[in-house]
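Notebook open, viewer up. I'm jotting things down in the order I look them up.

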Amino acid sequence: MDKNVQEERFMEVVKFTPPLYKQRYQFIKDLVGKYKPKKVADLGCADCTLLWMLKFCSCIEVLAGLDICENVMKEKMHRLYPLPGDYLQPAERSLTVTLHHGSVAHKDPCMLGFDLITCIELIEHLEESELEKFPEVVFGFMAPAMVVISTPNSEFNPLLPGVTSFRHPDHKFEWNQAEFQSWALNIARCYNYSVEFTGVGPPPTGMEDVGFCTQIGVFVRKYSQTSETAHFEKPTKAAYKTVFKAVYPSLKDEKYLQIAVVSEVVFTAEVIKRSLMDHLNSKHEEYTDGPVEIKSEFQHSKNCVSEDLEKLAVEKCMEPSVSGNVVYIPLTKIFSFPKVNQLCGTFEKFCKLIAGKVTLSSDGSAMVVNTEEENE
């Protein structure tokens, strides 16, 4: 039975709003919002709900999940794929999401270099031999800047209807506050971390000594790893099997950046064209009762200059202009629009990204847009 479903059944009398499991996930999300980690791993990720929530945090660039139950991950991992909107409007940040099948008792290089590692309702599911290896794997080998561990507080169990032993049939133990804090403080001393204790699911008024329903330890590494403190023991063979990987479209990828820029340029050119045509149409309506072919204000008489000279004069103009059925929009005008400017950064990059993707004037200084649809 899913641990969140089992938990909600026990909470029918002691009401937590929102449900306790959502409070745990929100605690992590708030922590991410405060410390802005770029690389986050969830050990015991199960149905990937926490990873799904965290993928919307703009600071995170790498998300990884690890669980011993491959089937549970595979049932829900579809939620971690990019959505159509992610391709239509790529984010500025890059994001890679990976799921691994394996045990927290084993070391694998793919879990190195993380800023935050979460272990939500995990340790109570570990066998004694796995729990013994857990500190060395997580704090010694993975050694992230921050670790968050949550586990049931057994002192709260008498308040939960129907709980006579453990809250879930797969739990191997459930600690009281003193037991959890003793275990956590010992780990902090051994691996040079500090630890603070908190929790979610407060007890009823007047029973504060019972503590939170879910107790949480937040570990912070006291100093950055150096060559002297880092653990050099690295597995020669991967211990985990990768079951899922998704790379989200990002504006850091020039392919997606070019698509975004060209799309924005075409939209901007259309806005400029419509504004110019409306202006010229309104001017002609002031002097004539019937439709008149639209000519540029800058267009010279064909009796005075050749078509080539006329075209050159239009192209060199610093403002949008019309010649026959063609609108010339200076690239400097398009680049001045905030969204285009923000995407490209420099005019040189802007020109490079649109080269070959839009129609330009003979001298490359303006974008050429046809007005035939407008005249129709």
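This is a predicted model: local features need pLDDT of at least 70, side-chain atom pairs count only at pLDDT 80 or more; totals for chains, interfaces and linings use all residues.

I began at the glycine after α12. Glycine 356 follows that helix and has a positive phi, near 80 degrees.

Then I went back into the helix itself. Which residues of α12 are buried? Over residues 347–354, I get Phe350, Leu353 and Ile354. Looking down the axis of α12, I find these buried residues within an arc of 90 degrees, so they line one face of the helix. On the face turned away from the buried side, I noted Glu348 and Lys352, both exposed.

Next entry, a helix pair. I took α6 (residues 128–142) and α7 (residues 177–191) and looked up how their axes run: they come within 11 Å and cross at roughly 45 degrees. With roughly parallel kept for angles under 35 degrees and roughly perpendicular for 65 to 115, the two helices are therefore oblique to each other. I logged the crossing of α6 past α7 as right-handed. Who makes the contact between α6 and α7? From α6 I have Leu131, Phe134, Pro135, Glu136, Phe139 and Gly140, and from α7 Trp183, Ile187 and Tyr191.

On to the cores. The largest nonpolar core holds 42 residues. Ile28, Val32, Leu54, Ile60, Leu99, Val148 and Phe244 have the most contacts inside it. I then checked which elements supply at least two residues each: helices α2 (20–35) and α3 (49–54), plus strands β3 (96–101), β4 (116–120), β5 (146–152), β7 (214–221) and β8 (241–247). α2 gives the most, with seven residues. Apart from this core I found another, of 33 residues, including Ala41, Ala143, Trp175 and Tyr240. In general, nonpolar side chains tend to be buried together in soluble globular proteins.

Skipping its neighbours within four places in sequence, I list its contacts as Cys45, Cys48, Leu51, Gly65, Met73, Met77, Leu80, Lys241, Thr242, Val243 and Phe244.

Last, the whole-chain numbers. I have 13 helices and eleven strands. Of the 376 residues in the chain, 46% are buried. How many of the contacts between residues at least 6 apart in sequence join residues at least 24 apart? I wrote down 72%.

Conventions
Residues are numbered from 1 along each chain as its sequence is written. Side-chain values use heavy atoms; hydrogens and water are left out. A nonpolar core is a set of buried Ala, Val, Leu, Ile, Met, Phe, Trp, Tyr and Cys residues joined through side-chain atoms within 4.5 Å. Buried means under 20% relative accessible area, exposed over 50%, partly exposed in between (1.4 Å probe, protein chains only). Helices (H or I, at least four residues) and strands (E, at least two) are DSSP runs, numbered from the N terminus. Contact means heavy atoms within 4.5 Å. The arc is that of the directions from the helix axis to the C-beta atoms. Axes are lines fitted to C-alpha atoms, for helices over the stretch in contact, and angles run from 0 to 180 degrees between N-to-C directions. Angles under 35 degrees count as roughly parallel, over 145 as roughly antiparallel, 65 to 115 as roughly perpendicular and the rest as oblique. A crossing is left-handed if the near helix is turned anticlockwise from the far one by less than a right angle, and right-handed if clockwise.
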